[in-house]
Amino acid sequence: MENAKQWHHVFCHICPAHCARKVAVENGEIVAVVPDKESPYPSTPCLYNKSQIMKEVRSHPDRLQYPLKRVGTRGGGKWERISWDEALDTIAEKINGYKEQFGADSVAFLLGEPKELEFAFAQRFASVFGTANCVTPGNY
Ligand code: SF4
């Protein structure tokens with residue numbers, strides 16, 4: 001029964017409303033997305049029930065699932081997989097270099113749609129780093 005359909009309580013992250021949803025997972029894939037009427041959080045479906053695209057977002061072949069590093073010339077479209085340690089070391093080296101050379105405000109943190117508490121962590125990180133430039137997609 002390992003592959004039997006199981007329902008999970010989640011939030012839709014397609015837009016900042018973060019509506020409560022239930023997803024059915026079978027064989028590791030999302031097979032259904034419905035409003036979560038049991039949740040104390042808003043579950044009103046949006047006009048076109050856009051949360052349905054959660055299935056496509058999760059399984060899209062172009063979904064970024066691990067760090068990639070460009071190889072060859074910029075715009076050449078060639079990438080190689082690297083470890084998280086290498087990715088974090090590369091980023092740390094670059095932003096610390098910019099901070100040293102141009103000041104902390106030369107670095108801006110640009111945040112996408114949050115899935116959990118990453119805005120709080122990123123804003124704290126930007127504050128500790130010393131930059132006032134922390135940009136979010138909404139009114140967070
Ligand atoms: S269900 Fe619709 S309104 Fe709610 S978060 Fe998803 S896209 Fe936004």
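Two strands pair if DSSP finds at least two bridges between them. Strands (E, at least two residues) and helices (H or I, at least four) are DSSP runs, numbered from the N terminus. The model is predicted: local features need pLDDT of at least 70, side-chain atom pairs count only at pLDDT 80 or more, and totals for chains, interfaces and linings use all residues. Residue numbers start from 1 along each chain as its sequence is written.

**View 1. The hairpin of E2 and E3.** Strand E2 (residues 20-26) and strand E3 (residues 29-35) pair antiparallel over 6 bridges. Valine 23 has valine 33 in E3 as its bridge partner. The hairpin has 2 residues between the strands, and asparagine 27 takes a positive phi near 55°.

**View 2. E1 against E2.** Strand E1 (residues 6-11) runs antiparallel to E2, joined by 6 bridges. Phenylalanine 11 is bridged to alanine 20 of E2.

**View 3. The ligand shell.** Around the ligand are Cys12, Ile14, Cys15, Ala17, His18, Cys19, Cys46, Lys50 and Ser51. A residue is near the molecule if its C-beta atom, placed from the backbone, lies within 6 Å of it. The shell holds 6 nonpolar, 2 polar and 1 charged residues. Ala, Val, Leu, Ile, Met, Phe, Trp, Tyr, Cys and Pro count as nonpolar, Asp, Glu, Lys and Arg as charged, and the others, Gly among them, as polar.

**View 4. Helix H3 and its end.** H3 covers residues 118-129, and its end C-alpha atoms lie 16 Å apart. The expected span is 1.5 Å times one less than the number of residues. Glycine 130 follows H3, with a positive phi near 110°.
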